[in-house]
Structures are given as C-alpha cells and as structure tokens.
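Please keep the sequence and the structure in view while reading.

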Amino acid sequence: MVSSIVMKKLIIKLTGLFLNSTAYLFPKTNGEHSFKLLCRVSPPPLKETTRAFFDTGEQVLIPTSHHNVVLHFWGTGPKKILFMHGWQSNSKQWQPYVEQLNLEEYTLYALDAPGHGASKGKHLNVELYREAISNSVSHIGEVDCAICHSLGCLSTSYAYLHNNLIKINSYVIMGSPSGMDAIFTYFENMLSLSEKAIKNLHAKIRTIAKIPLEEITMSHFFLKINKPTLVIHEKSDSITPIAPIKKAIGANPEVKHYFTEGQDHMLKEQETIDIVIQFLSYQNQHAHVL
C-alpha cells in the first residue's frame, strides 16, 4: 500500500517535470498532452450491484461526435427528470431517487457521461459532457428538471450558457465546483505546472470550448439563469469548497439554496434526497414560480 502511494506520487512528479521541460520547445503538443491527461478517466469496472440496478430500467444510446453514451430511464410519468453524475461516478448514484419517486408521475432519465458507467470512452471534459447532455435533452424532448452533481453541474450549466433555449425548465445543483478555474487550479497544483505549461493548456482548451473559458463558471450561470434553481452544498465539502458557491449564488437572489452539515461531497443522505423531492413536488404544483 505504501509503495503504491509512493510510486503514484513519483509518477505525478515526473509527469509534471516532463510537461514543464517541453512547454517552450513544443507548446502545441505540450498543451494537447496536458489536456489529454486532464480529461483521462479510469473508472473501475461496474459492480454487479450497479449492473443489477441498470437492469431495472431501460437504456437508449445517445449519439455524440465521439462515442454513443448510455441514457438510462425508469417510469412512465409525464414529468421528465434528467440526472447527471459527477467525475468517476455513474447513474447508480441516483438509485434512491428511482426508488422513492412515483414512477407513474415521473419518467426518470440518468445519463452515464462519456467514459463512465455503461458509456464508452476514455476521456471526459465539460465539452464532451455538454454535447451528451444537449443530445439527451433533444432525445427526451423537454426536461422538467435537471438534477446534477459536481462536474455534472458545471457541464449542465455550460450547456445552458452555450444555448439558453435548451429545453430544461428547472435545475437542482449539488456539490458543484465554482467553475473551470477550480478544475485548472487542482490539476496545475497537482503537477506543479509552470506558467508556460499552464498557458499551453489553456490555449488548447480554448480551441475546444464553445464559449470563453472565463464564462464557464457557476456565478455566470446563476447570473444568467431565469429558471427555478435550487443549490444544495455541504458546508464542510473538501472537494468543492462552499465559499465560492456562496459568493456565486449572491449574483441572483432568485436562486434558492440549502446548505447541509455533516454530509460529504456526494450528498447522498436522506436529508438531501428529501429536499430534492420537495423541490420537485413544489415545481409540480407551482410550475411558474419556485
């Protein structure tokens, strides 16, 4: 156990040294290599319990420009909910909602992001996720509420910022990072990247993103959004700190929030599930207001 941890740290250090040493010599290749590392995913094989849960519903393949992604669904109700998970997770995360919501009242859709769950691929970034979300919404037709977690939140907000006519009528944002800057900072600090290597990475990502990187933030989303929105965040979240989210919410007093205490980043406790279900119920009764 100790030796594997030491080896992992050594690999990270050597990778950072390699990127820094090639930053000036091959800036374009350097940026592309950093971007691939940033986006690479290696989720563990699906557990039997996950496969069993997926088998309780149905699946449809949603085409994207890279790989088809898997959209799971349960129920036959007229109200349509779309769930988006975070990094290194999958649609199993939403099992409590499938078990507790009335499937005659709701049709519940859960998207496995590229390279996650039952979806193919080895890379994930907000652009790949945005495309998968947008194509899923087009397949569904109209989504009454998008419920997302962590990277799923940032990707869902990016989908709205790219196209504010996307057919999603309300949002639940859980455990979200503050923006692309937070992801960059984590990656750059982990590898101790030089200023030039960072510049190369940003240049590469600007060729991928559909809007300016500076606009892919939750504060920008909260400022622009004109749909009922509920933010849920754990006060002691060490993965996505709450302070930037609190500040971002201040951009729009219409955005509602609920801060938990004593949970963790995943926000899987019954307290959170109850709050989300209450929000959905209220939306059903008051479609025009929060």
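The model is predicted. In helix α6, the residues L151, G152, C153, L154, S155, T156, S157, Y158, A159, Y160 and L161 are buried. That makes 11 of the 12 residues in α6, and the helix is mostly covered. Helix α6 covers residues 151-162 and reaches 16 Å from its first C-alpha to its last, close to the 16 Å expected at 1.5 Å a residue.

What do the buried residues of α6 pack against? Their partners are the strands β3 (79-84), β5 (145-149) and β6 (171-174), together with the helices α5 (126-140), α7 (180-191) and α9 (218-224).

T156 lies in α6. Its relative accessible area is 0%, and because buried means under 20%, T156 counts as buried. Leaving aside neighbours within four places in sequence, T156 is in contact with M84, I133, A146, C148 and Y171. The C-alpha atoms of T156 and A132 are separated by 9.9 Å, while the two residues are 24 apart along the chain.

**The sheet**

Eight strands form an open sheet with mixed pairing, in the order β1-β2-β4-β3-β5-β6-β7-β8. At its edges are β1 (58-62) and β8, each of which pairs on one side only. From one strand to the next, the twist averages 20°. Helix α10 (residues 242-249) packs on the sheet and touches β7 (229-234) and β8. The direction of α10 makes about 160° with that of β7.

| Strand pair | Sense | Bridges |
|---|---|---|
| β1 and β2 | antiparallel | five bridges |
| β2 and β4 | antiparallel | four bridges |
| β3 and β5 | parallel | four bridges |

Individual bridge partners can be named for these pairs. V60 has L71 in β2 as its bridge partner. For F73, the bridge partner is Y109 in β4.

Strands β1 and β2 form a hairpin, with six residues between them. Is β2 enclosed or open to the outside? Five of the six residues of β2 (residues 69-74) are buried, so this strand is largely enclosed by the rest of the structure.

T260 is buried, with a relative accessible area of 0%. Not counting residues up to four places away in sequence, T260 touches I232, H233, E234, K235, L267, E271 and T272.

**Two packed helices**

Helix α7 packs against helix α8 (residues 195-206). The angle between them is about 140°, and their axes are 11 Å apart. Their crossing is right-handed. Which residues meet where α7 and α8 come together? From α7 there are F184, F187 and E188, and these meet I198, L201, H202 and I205 in α8. By class, the contact has five nonpolar residues, one polar residue and one charged residue.

Key:
Residues numbered from 1 in each chain as written. Predicted model: local features only at pLDDT ≥ 70, side-chain atom pairs only at ≥ 80, totals over all residues. Heavy atoms only, no water. Buried < 20%, exposed > 50% of the residue type's maximum accessible area, 1.4 Å probe, protein only. Contact = heavy atoms within 4.5 Å. Expected span 1.5 Å × (residues − 1). Pairing = 2+ DSSP bridges. Axes fitted to C-alpha atoms, helices over the stretch in contact; angles between N-to-C directions. Left-handed = near helix turned anticlockwise from the far one by under 90°. Nonpolar A, V, L, I, M, F, W, Y, C, P; charged D, E, K, R; others polar.
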